[in-house]
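Trainee: Could you walk me through reading a buried charge and some aromatic pairs?
Mentor: Gladly, let's look together.

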Amino acid sequence: MSDIFHEIDEELRRDNLLKLLSRYWPYLAGVVVLALAIAGGIAGWRQHQLSARQAQSTQYAAALALAGHGKDAEAARLFGALAQESGGYPDLAAFEQAALAAKSNHSKQAIALYDHIAATNAHPTFRDLAVVLAAMQQMRAEADPGSVITKLKPLTVPGNPWRPTALELSALAKLKKGDKSGARQIYQGLAADPSAPPGLRARASEMVAALSS
């Protein structure tokens, strides 16, 4: 008798399951289709990103090759186009484009490109590097030393990785202004700063000696 009741119980469970499946199947099918669509979209997006990075790598290498063969104008155009996109290669391309402008003695264009990087790049280290390079171009272009000092001031705070370089440039700008005392004070601090690179500390010590004589 127990076997009969067991079989009846199994049949009832099977019937209930079939009824539930028939009732909710459209919803289950929709969930499965949605899950497959999402998975396919993610896979497609990853493939798209991979293809985009490969294309950017090829374009960046082509621009470097052009620059290596002295075709700076063509290389700059290619770097400029790549810099309009997003990602690692476009970041590097923006710096390369500005460097080619500086190399061609187009200081105003180089400064504008570096300023654009400093204003728009998402990475603080890249932004600060662009500020330093823009300041260097301003010094070469005989820009107002005061504007160079003002531009570099945010980078001279303790803890900034570009602080020693920013201070050295600030000291040079003060010398151009005729402020020897202010420049010597900066050089003295750099000469005694253990976090500054050895070469920079050595230059600072030499400048302190020169300005003290």
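Trainee: Where is Asp128 found?
Mentor: Helices are DSSP runs of H or I with at least four residues, numbered from the N terminus. Asp128 belongs to helix H5 (residues 124-140). This is a predicted model, where local features need pLDDT of at least 70, side-chain atom pairs count only at pLDDT 80 or more, and totals for chains, interfaces and linings use all residues. Residues are numbered from 1 along each chain as its sequence is written, and side-chain values use heavy atoms, leaving out hydrogens and water.

Trainee: Which side chain of opposite charge is nearest to Asp128?
Mentor: Buried means under 20% relative accessible area, exposed over 50%, and partly exposed in between (1.4 Å probe, protein chains only). A salt bridge needs a side-chain nitrogen of Lys or Arg within 4 Å of a carboxyl oxygen of Asp or Glu. Lys and Arg count as positive, Asp and Glu as negative, while His and the chain ends are not counted. Asp128 is buried without a salt bridge, and the nearest opposite charge, Arg127, is 5.5 Å away.

Trainee: How many aromatic pairs does a search of the whole structure find?
Mentor: Rings of Phe, Tyr and Trp (its six-membered ring) pair if their centres lie within 6.5 Å; planes under 30 degrees apart are stacked, over 60 edge-to-face, the rest tilted. The search finds four. Phe95 and Tyr114 make a tilted pair, 6.4 Å centre to centre with 50 degrees between the planes. Phe95 is buried at 12% relative accessibility, and Tyr114 is buried at 5%.

Technical notes. Helix = DSSP H or I, 4+ residues; strand = E, 2+ residues; numbered from the N terminus.
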